[in-house]
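Q: Could we go through this structure together, one part at a time? I would like to begin with the aromatic residues.

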Amino acid sequence: MASKLLTKLGAIRDPKIARNPNLPLNATRRLFSHRPISTPPHSPPSSPPDNGKSAHKKSKPTSSLKDLELAKFSAIADSWWDSVGPFKPLHAMNPTRLAFLRSTLCRHFRKDPHVARPFEGLKIVDVGCGGGILSEPLARMGATVTGIDALEKNINIARLHAGLDPVTSTIEYCCTTAGGCWHPLVNESQLSIHVVQCSSFVPQKLVKEQKMFDAVIALEVIEHVADPTEFCKSLSALTHPGGATVISTINRSMRSYATAIVAAEYLLHWLPIGTHQWSSFLTPEELVLILQRASINVKEMAGFVYNPLTGRWSLSDDISVNFIAFGTKNGQ
């Protein structure tokens, strides 16, 4: 598997793989060079039939998040903290995602990964935070966290849940197009707030205000946006020079179609049918290219592999389905 992946990625990076005992669960670190990319990735394979729904893709999107995606997540927003509900896969994957974040961010920022609060002193933004299932453990690990999402319903749920714990009550949640970030300690009844529809995962207001963070994290989000290139540019704009950007998503492979869509949605019913569109997935090569054009160099990549016997996820060098990329922004 590793040799095939190296051959596949060879056109856009220098293949260097090293076993790192500090990386959790004995996963393989994939190190990427800073060599500029001059040739685009191969054309993507044809998408599976979508019942004629692809025609709308030719028109220019009005926001970074597809309206259909907003409707999907709005319908299940109340279930964010139900560990056996529609977001069960994310709850199950969360410990492995956090293990990767702890390893890479501590190594990059020279923090001790073994202490209880290794992210003390770091400002982190969780883009597409949903109900806050990643934002809260990041706050417990010591980070100053801002969570942003396109749906006001998600933000309200995240704020309410975070308020149950004094440690997580410091998280600042923001609906990106709602005209402002709401701090959970603010008494909403004292403010004049109008309910508006949030239509974009691109953190437009934060970018406009020139807010920047030590680490920008967007997990399982990019496959739902209309323009991944513009989305990554916005992530870069939020990242301090020399800071970190972390993205996880699903590879556009036949294996991912079989497992992430057919099995997860239609056979096992882990996710509501229609949660993902295979044609919206990105290959690792495409993600590396998009990020490099946004001044972010991918340094490490790992796969997430599910063990049906234990019901747990682990880090792996298999990036054929779920994968996560860690990159740093150019400059110091």
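Q: Is Tyr257 buried, partly exposed or exposed?
A: The model is a predicted one. In it, Tyr257 is partly exposed, because its relative accessible area is 27% and that class lies between the cut-offs of 20% and 50%.

Q: How many aromatic pairs are there?
A: The count is 4 aromatic pairs. One of them joins Tyr257 and Trp278: the ring centres are 6.2 Å apart and the planes meet at 85°, so this pair is edge-to-face.

Q: Where do Tyr257 and Trp278 lie?
A: Tyr257 belongs to helix α8, while Trp278 is in the loop between α8 and α9. The pair therefore ties together parts that are 21 residues apart in sequence.

Q: And Trp278, is that buried or exposed?
A: Trp278 counts as buried, because its relative accessibility is 4%, and buried means under 20%.

Q: What about Trp270 and Tyr306, how are their rings arranged?
A: Their centres are 5.0 Å apart and their planes stand at 75°, so the pair is edge-to-face. Trp270 is in the loop between α8 and α9, and Tyr306 is in strand β9, 36 residues apart, so the pair links distant parts of the chain.

Q: How accessible are Trp270 and Tyr306?
A: Trp270 counts as partly exposed at 30% relative accessibility. Tyr306 also counts as partly exposed, at 27%.

Q: Which residues form a cluster with Trp270?
A: Trp270, Tyr306 and Trp313 form one aromatic cluster.

Q: Let us change topic. Which strand is joined to β9?
A: Strand β10, residues 312-316, is joined to β9 by 5 bridges, and the two run antiparallel. Within this pairing, Gly303 has Ser316 in β10 as its bridge partner.

Q: What lies between β9 and β10?
A: The two strands form a hairpin with 4 residues between them. In the turn, Gly311 has a positive phi of about 70°.

Q: Now the surface. Which residues make the nonpolar patch?
A: Tyr266, Leu267, Leu268, Trp270 and Ile273 make a nonpolar surface patch of about 520 Å². Among them, Leu267 lies in helix α8, residues 254-267. Leu267 is exposed, because its relative accessible area is 61% and exposed means over 50%.

Q: One last thing: what sits over the ring of Phe213?
A: The charged end of Lys123 is placed there, 5.6 Å from the centre of the Phe213 ring.

Methods. Residues numbered from 1 in each chain as written. Predicted model: local features only at pLDDT ≥ 70, side-chain atom pairs only at ≥ 80, totals over all residues. Heavy atoms only, no water. Patch = residues over 30% accessible without salt bridge, like charges linked within 9 Å, V, L, I, M, F, W, Y side chains within 5 Å. Areas by Shrake-Rupley, 256 points an atom, 1.4 Å probe, with all protein chains shown as cover. Salt bridge = Lys/Arg side-chain N within 4 Å of Asp/Glu carboxyl O. Buried < 20%, exposed > 50% of the residue type's maximum accessible area, 1.4 Å probe, protein only. Phe/Tyr/Trp six-rings, centres within 6.5 Å; stacked < 30°, edge-to-face > 60°. Lys NZ or Arg CZ within 6 Å of the ring centre and 35° of its normal. Pairing = 2+ DSSP bridges.
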